[in-house]
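Here are a few notes for you to read alongside the model. Please keep the structure open as you go through the points.

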Amino acid sequence: MDENAFHDWLITCFGKEQGEAAWQQISQLPDSIREQLLSQDPGTLPNPAEVQQLMNAFTAGGLNTVSEMQQTVQDGPINIKLAKSLALQHANADGSHTTVSAEEGAAVRKAMSEANLWLDSACEFAPPSGEPQALTRAGWVEGTLDAWAKFAAPIAASMGDALASVISERLGDSFNGEIAGMFAGPVPIPIPDGMKDPAQLIKLLGNTSFAMQLGHAAGVLSREVHGGFDQGIALLSNPAGALVAQNVEEYAKSLNSNVEDSFEDISQEEAAKNPTSSEADKVAAGTADEGQPGTMDAQTEELFNQIVQPDPIPQDEVMTFLALREAAHARLFSAVPWLMPRFEALISKYANGISIDLDAMEEQLRDAESLDPDSISNAVNLTKVGIPDTPEQRQAMASIESLLALVEGWVDCVVWRAGMAHLPHIEQLSEMARRERATGGPAERTFESLLGLELRPKRMREAADLWSMITAADSAEARDAKWSHPDLLPSLDGGEAGNAASQAPADGPTSGNDWDAELSKLLGEEGD
């Protein structure tokens, strides 16, 4: 790589003054090390814009001075300021709206108002205090990241302690004032006097690495979520809930585009299978000659298209359906004071029981090319260094899954009853919501790798059928009264559940389609 090109890259990344200072330091390195640096392929250098974003995030995360670094370690196992800064960068990138327009805000308020009006006749719980919000993606990050960090803190603490143990006990007790060898690559990195304790230094790196992963996952997830209760638990400080206006709009468009794409794919497949068009095909396509037998007139063609090609779902209907789900969650968590503390206790029980495989962590560290948060990210990834669940953790996970299923099943039941008379496409929308909650998205799975547990209900359909059966047999009042105490909740493994898995109520959402069994097999539900 040409020296001038590397010099220009430093200036672009760090500005004229800091870039020149960095170049002067590199110029003073031994010839062998400088030649090794300049031998790199220019294409492997990070994008200057990405470097600047990361530097800005580190500045916001309090990593500029030794005293700030020491304070970061003392503040806790996760650098929340760094995580939030990175998450906001992702949330605001690539065409994200920085504000909610007046039109979007009015649409969200209208949808939430209608949803709460319809829910009044479908459940006994009153709407919570406060006004529902229309959020940007950045607003969702601001409102939920502290809750995510609270759940992840026990795991991050275990990771930090394990990292310090591996470095101090297995890879040497001192760095003698510099990071070198397998960690630093070709350039020794001086350690400030206040950070020469290996345990403290590694805790800082673990803290930073975990924060970077959490921030990235939160930023990506902000582009997928629809509201404040998408993960089935209360994350926002506003009990009335919220909708992410831009995501709802894009979700509605994607639903219809997916339907159109599927219809076009089917048509093309059929055409490929039958390249020779028969008279019947011409009639079906409306291309037969005028006046010939079987010719399709305009009215018949329109009717044919209505039958074969599904109608697009209006955006306001999609928003109202999502508002119904958000408002139903908000009512449940507001009216049941023990529900969120129960989730927090179960998640904490699971997280506190996590053990780290020190041998696996050491292997990940040895594979790292440098001692920086990005390189040691695998060493703080539970999927790579976590020890399989203990019996206590499996019990906590089973309780979390059952409670999530009951929450989502209740919401599914109530939303169907509240919206069936108003939303023509409620069956399609409900089915899509069930599938999304059961499978999760890429960002949601990233969170699961950080938390070590799944926040996806595997038995939501069974729970929805159970709540609908209770409603039909008793009443909505009796159904909702079961939330007054954890011991009154119906069981998904018998008891009050009765024949819920095999007997679907006549007036509620059913799960008797053939593909349900296949989906259950795919998700590992069968036999649970």
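At what angle do the axes of α16 and helix α17 (residues 426-439) cross? They cross at roughly 170 degrees and come within 11 Å; axes here are lines fitted to C-alpha atoms, for helices over the stretch in contact, with angles from 0 to 180 degrees between N-to-C directions.

A word on the basis: this is a predicted model, with residues numbered from 1 along each chain as its sequence is written. Local features need pLDDT of at least 70 and side-chain atom pairs count only at pLDDT 80 or more, totals for chains, interfaces and linings use all residues, and side-chain values use heavy atoms, with hydrogens and water left out.

1. The crossing angle makes α16 roughly antiparallel to α17 (over 145 degrees; under 35 is roughly parallel, 65 to 115 roughly perpendicular and the rest oblique). Helices (H or I, at least four residues) and strands (E, at least two) are DSSP runs, numbered from the N terminus.

2. On the α16 side, L404, E408, D412, V415, W416 and G419 meet I426, E427, S430, R434 and R437 of α17, contact being heavy atoms within 4.5 Å. Four of the residues in this contact are nonpolar, two polar and five charged (Ala, Val, Leu, Ile, Met, Phe, Trp, Tyr, Cys and Pro count as nonpolar, Asp, Glu, Lys and Arg as charged, and the others, Gly among them, as polar).

3. Five aromatic pairs are counted, a pair being rings of Phe, Tyr or Trp (its six-membered ring) with centres within 6.5 Å; planes under 30 degrees apart are stacked, over 60 edge-to-face and the rest tilted. F125 and W410 form a tilted pair, because their planes stand at 35 degrees, with ring centres 5.6 Å apart. This pair links F125, in the loop between α6 (102-119) and β1 (133-135), to W410 in helix α16 (residues 391-419), 285 residues away. Both are buried (under 20% relative accessible area; exposed is over 50%, partly exposed in between, with a 1.4 Å probe and protein chains only): F125 has 12% and W410 has 0%.

4. F229 and F333 are also tilted, since their planes are at 35 degrees, and their ring centres lie 5.6 Å apart. F229 is in the loop between α8 (198-221) and β4 (242-244) and F333 in helix α12 (residues 315-335), so the pair ties together parts 104 residues apart in sequence. F229 is buried at 5%, and F333 is buried at 10%. Together with F343, F229 and F333 form one aromatic cluster.

5. Do have a look at A134 in strand β1. A134 is partly exposed, at 26% relative accessible area. Leaving aside neighbours within four places in sequence, A134 contacts V100, G105, V108 and L243.
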